[in-house]
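Hi,

Here is the structure I promised to send over.

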Amino acid sequence: MGAMEQIKTLSGDAEFPCYIARPQGEISAAIIVIQEIFGVNKGIRAKCDHWASKGYLAIAPDLFWRINEGTDLDADVEAQFQQALDLMGKFDQDQGIRDIEAVIHFAQNSIGSHKVGCVGYCLGGRLAFMTACRTDIRASVGYYGVGIDGLLSEKQAIAHEVMLHIPTADGFVPADAQAAMHAGLDDHPKVTLHDYDGLDHGFAAEFGERRDEAAATLADNRTEAFFAEHLA
């Protein structure tokens, strides 16, 4: 359904690749799909295609383009998993948010409105929270975002709705980090947290061994309802 296209950076002096899926009919709003550490792989592209089938303009920026353009890795292949961890270590997250902001502007111009949301996974879940704090994105969803407990000092900047999906047995987000997220965000009027008991990191991956079908379906249904409400 989609294809790789180029979007200009915020400064306008370069372009970077994004997977863009457009709906066949009228566009209702736009959703930015923020990658895991595995790049814009088949799972992320499939998520974009799904959103396009629901009437959204869907865009997945290749956020690793400055360090390894065209990253497309499989989480179930150990060598590729290690490559992804190496890329994560080199990635400038603040620059990544600026690239996401460039995509927000592109999406706003494309649809002629500010009805732009984002959904991210793993690294993308963290970046979705950062995007909610640092941009005018209208709705943000994070799946198993890593290190959000260390970003809570930015929560006062959240102006629009945020939803976070938290698997309680996440090997990358320990119990004390989850507790800090709840303590810091449960009373925030714009933030909703959902726990998934006994589930591990990556449970909503589109493909592969990490996926838990029942939990992924539940979380995705919540996400669809969230965007239907806040991007209406």
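Let me start with Phe203. Leaving out residues up to four places away in sequence, Phe203 touches Tyr144, Pro167, Tyr196, Arg210, Arg211, Asp212, Ala215, Ala216 and Ala219 (a contact means heavy atoms within 4.5 Å). Phe203 sits in the loop between strand S8 (191-196) and helix H7 (213-230), and it is buried, with a relative accessible area of 1%. Buried here means under 20% relative accessible area, exposed over 50%, and partly exposed in between, using a 1.4 Å probe and protein chains only.

Before you read on: this is a predicted model, where local features need pLDDT of at least 70 and side-chain atom pairs count only at pLDDT 80 or more, while totals for chains, interfaces and linings use all residues. Residues are numbered from 1 along each chain as its sequence is written, and side-chain values use heavy atoms, with hydrogens and water left out.

Now the overall picture. The protein chain has 7 helices and 8 strands (DSSP runs numbered from the N terminus, with H or I of at least four residues for helices and E of at least two for strands). Of its 232 residues, 52% are buried. Among contacts between residues at least 6 apart in sequence, 67% join residues at least 24 apart.

On to the salt bridges, meaning a side-chain nitrogen of Lys or Arg within 4 Å of a carboxyl oxygen of Asp or Glu. The whole structure has 12 of them. One pairs Glu36 with Arg210, with the closest N and O atoms 2.8 Å apart. That pair links distant parts of the chain: Glu36 is in the loop between strand S3 (29-34) and helix H1 (42-53), and Arg210 is in the loop between S8 and H7, 174 residues apart. Glu36 is buried at 6% relative accessible area, whereas Arg210 is partly exposed at 24%. Arg210 is also one of the residues that Phe203 touches.

Another salt bridge joins Asp72 and Arg45 (3.2 Å, N to O). Asp72 lies in the loop between helix H2 (65-68) and helix H3 (78-90) and Arg45 in helix H1, so this bridge ties together parts that are 27 residues apart in sequence. Asp72 is partly exposed, with a relative accessible area of 40%.

Then there is Glu224 with Lys54, closest N and O atoms 3.8 Å apart. Here Glu224 is in helix H7 and Lys54 in the loop between H1 and strand S4 (56-61), 170 residues apart. Finally, salt bridges that share partners join Asp94, Arg134 and Glu154 into one network.

Cheers
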